[in-house]
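Good morning, and thank you for coming. Please look at the structure on the screen while I speak about its rings and its helices.

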Amino acid sequence: QGELIKNIDEIILEIKSLLGTYSFGRVIRDGVNVAIVGKPNVGKSSILNYLLKESRAIVSEIPGTTRDIIREEVSIDGILFKLYDTAGMRFSKDVVEKEGVSRSIEVVKNSDLILLIGDTEIGFSKELFKDISTLNERVEIIKVLNKIDLNSVSEYSSDFRISAITGEGIDLLMAGMTEASLGSSSYSEKDAIVSNIRHYDCLKVAKENLIKAREAVERNLTQEFIAADLRMAENDLGEIIGLVTPDDILNNIFSNFCIGK
């Protein structure tokens, strides 16, 4: 029994290690969804333009210029950032702008990272910060204070102080975005990394079945019970490399592809 439990524990530990790579793997495979959020006229579009190093968003002194979601992509240190310049989140009687705000809310809900933009004149909106936290509890919020070229001694607290006009602080902001996306993870090309959600789910279920097998050993259940849990774990792992193909995958293949014609 002791040897069996030891072997099961080693496999569980290895699976936990693989599961821990999923966040990193997903970032490398899919990129990072970043919402640029702030009150109207704090410079969201200007920041997007500087990050892209080209003007693709309309910049204006008129509050509420961005009526729709503008999505652009930029690579920073090998990581793909999908940047969403949102409409200023505020109440408006303008029907078009209301639709823009509605889309902004959806972007915030699906974001991995939020750049909350404020400026040296008005700081940051506490109400907006609260709204973001309510819409997406898991998201990391980076507070970016813009327009330091106009007031370099502003006392508003922030994570990064920048100027979208001169570019001051932008490099530090991009480094902070990379760090926030990857966390403390550090892997090499030799490491096994999970980036597929199906593989992640298979590993997770395999771990649960191995835990059940371990409990069966500790409870001195018959070998049939232990073997059943181990076989289920084996099948879960087999799905990853194609040794076992669940019915739902086969059904999907036959329903979406014309086979034999």
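**Rings and helix packing**

The structure has zero aromatic pairs, a pair being rings of Phe, Tyr and Trp (its six-membered ring) with centres within 6.5 Å. This is a predicted model, in which local features need pLDDT of at least 70 and side-chain atom pairs count only at pLDDT 80 or more, while totals for chains, interfaces and linings use all residues. Residues are numbered from 1 along each chain as its sequence is written, and side-chain values use heavy atoms, without hydrogens and water.

Next, the helices, which are DSSP runs (H or I, at least four residues) numbered from the N terminus. At what angle do helix 7 and helix 8 cross? The axes of helix 7 (residues 197–218) and helix 8 (residues 223–241) cross at roughly 165° and come within 8 Å. Helix 7 is therefore roughly antiparallel to helix 8, a term for angles over 145 degrees. Their contact (heavy atoms within 4.5 Å) includes Leu-203 and Leu-210 of helix 7, and Leu-230 and Leu-237 of helix 8.

Helix 1 (residues 2–19) also packs on helix 7, at about 160° with the axes 10 Å apart. Helix 1 is thus roughly antiparallel to helix 7. Among the residues that meet here are Ile-8 and Ile-15 in helix 1, and Leu-203 and Leu-210 in helix 7.

Note on methods. Rings of Phe, Tyr and Trp (its six-membered ring) pair if their centres lie within 6.5 Å; planes under 30 degrees apart count as stacked, over 60 as edge-to-face and the rest as tilted. Axes are lines fitted to C-alpha atoms, for helices over the stretch in contact, and angles run from 0 to 180 degrees between N-to-C directions. Helices (H or I, at least four residues) and strands (E, at least two) are DSSP runs, numbered from the N terminus. Angles under 35 degrees count as roughly parallel, over 145 as roughly antiparallel, 65 to 115 as roughly perpendicular and the rest as oblique.
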